[in-house]
Amino acid sequence: MKITIIEDEAVWRDKIRTIIEKYCSDKNISFQINSYGSGKEFMKNPDTDLLFLDIELAEGEDGFQIAEQMMDYGNKSKICFLTSHTEQARLGYKVNAFRYIDKKHLEEIGEALDSFLKTRIQERIISCNDLNGICTKINLNELLLVETYGRKLKYLMLDGSEHFCEGRISETAQSLSRFGFFQIQRSYIVNLKYIEKVNSRKITFCNGLDVVIGRTRSKEFKKEFFKWRMQFDN
């Protein structure tokens, strides 16, 4: 995990870095931290997963402008803004801010890291053998559902593409459950992330696809879906 701090005051940089290092060490997380005193330094090589960015930097640099540049470059890093003026938080919607952290309450960094790690849980690649025995890589973040297909499994991706692979639905459901997937009925495993609507009989995905909820799984599904939304839907 690559973490970056952009803060013009060395005292704050050191405080933030110490908190992050302790968090990662306590949770045995592999990490790399880079610190910069200005956005100009960072933008020479803006490679990071999570950015702690001061809103008001020296020499008139604006944290929001740095975030906008990153968006223009297609950078998808999560940004936690650091500020002593919480009233500025309302401007964050323009750059899809991940978190706002008041410098008076740096303990909030731990919660931000917790939440960030949760958002990354589906950023995994799994492997399975297709019908010709060739290994296929599947990005869980782009997987909409898994469906039984005869004695095989069909992996339906968010873009509509399909992969037909070896496997058993029950074993696959068990292995995918920790990544936010649930076996909603005998023939379907669904990605909770992309469910748009739920009623007593069916779910509707963000692309409009409907899947019927198995009667014996309805109660457990709703419990797991609610729990997932509470944990991951930030």
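Ile189 sits in strand E12, where helices (H or I, at least four residues) and strands (E, at least two) are DSSP runs numbered from the N terminus. This is a predicted model, in which local features need pLDDT of at least 70 and side-chain atom pairs count only at pLDDT 80 or more, while totals for chains, interfaces and linings use all residues. Residues are numbered from 1 along each chain as its sequence is written, and side-chain values use heavy atoms, with hydrogens and water left out.

**Around Ile189**

- Is Ile189 buried or exposed? Its relative accessible area is 0%, so Ile189 is buried; buried means under 20% relative accessible area, exposed over 50%, and partly exposed in between (1.4 Å probe, protein chains only).
- Leaving aside neighbours within four places in sequence, Ile189 is in contact with Leu145, Val146, Ile169, Thr172, Ala173, Phe181, Phe182 and Gln183, contact being heavy atoms within 4.5 Å.
- Ser200 is 11 residues from Ile189 along the chain, and their C-alpha atoms are separated by 18 Å.

**The five-stranded sheet**

- Strand E12 belongs to an open sheet of five strands, ordered E10-E9-E8-E12-E11 with antiparallel pairing; two strands pair if DSSP finds at least two bridges between them.
- At the edges are strand E10 (162-165) and strand E11 (181-185), each pairing on one side only.
- On average, neighbouring strands of this sheet are turned by 20° against each other, direction ignored; the axes are lines fitted to C-alpha atoms (for helices over the stretch in contact), and angles run from 0 to 180 degrees between N-to-C directions.
- E11 and strand E12 (residues 188-191) run antiparallel and are joined by four bridges. Gln185 has Tyr188 of E12 as its bridge partner.
- As background, strands of a sheet pair through backbone hydrogen bonds, either parallel or antiparallel.

**Nonpolar cores**

- The largest nonpolar core has 21 residues, of which Ile3, Ile20, Phe52, Ile101, Ile109 and Leu113 touch the most other members. Here a nonpolar core is a set of buried Ala, Val, Leu, Ile, Met, Phe, Trp, Tyr and Cys residues joined through side-chain atoms within 4.5 Å.
- Two or more residues of this core come from each of E1, helix H1 (10-26), E3, strand E4 (78-83) and H4. H1 gives the most, with five residues.
- Not counting residues up to four places away in sequence, Ile109 touches Ile16, Ile19, Ile20, Phe52 and Ile101.
- There is also a second, separate core of 16 residues, which includes Leu145, Phe205, Phe225 and Trp228.
- In soluble globular proteins, nonpolar side chains tend to be buried together.

**Helix H4**

- H4 has 12 residues and reaches 17 Å from its first C-alpha to its last, close to the 16 Å expected at 1.5 Å a residue; the expected span is 1.5 Å times one less than the number of residues.
- Which residues of H4 are buried? They are Ile109, Gly110, Ala112, Leu113, Ser115 and Phe116, and they pack against E1, H1, E3, E4 and E5.
- Asp114 also lies in helix H4, but this residue is partly exposed, with a relative accessible area of 34%.
- Asp114 touches Tyr23 and Lys27, not counting residues up to four places away in sequence. Although Asp114 and Tyr23 are 91 residues apart along the chain, their C-alpha atoms are separated by 9.5 Å.

**Salt bridges**

- How many salt bridges are there? The count comes to 12, a salt bridge being a side-chain nitrogen of Lys or Arg within 4 Å of a carboxyl oxygen of Asp or Glu.
- Lys2 pairs with Asp47, their closest N and O atoms being 2.6 Å apart. This pair links distant parts of the chain, with Lys2 in strand E1 (residues 2-6) and Asp47 in the loop between helix H2 (39-42) and strand E3 (50-54), 45 residues apart.
- Both partners count as partly exposed: Lys2 has a relative accessible area of 29%, and Asp47 has 40%.
- Arg99 forms a salt bridge with Glu111, at 3.0 Å between the closest N and O atoms. Arg99 is in strand E5 (residues 99-102) and Glu111 in helix H4 (residues 108-119), 12 residues apart.
- In this pair Arg99 is buried, at 18% relative accessible area, whereas Glu111 is partly exposed, at 41%.
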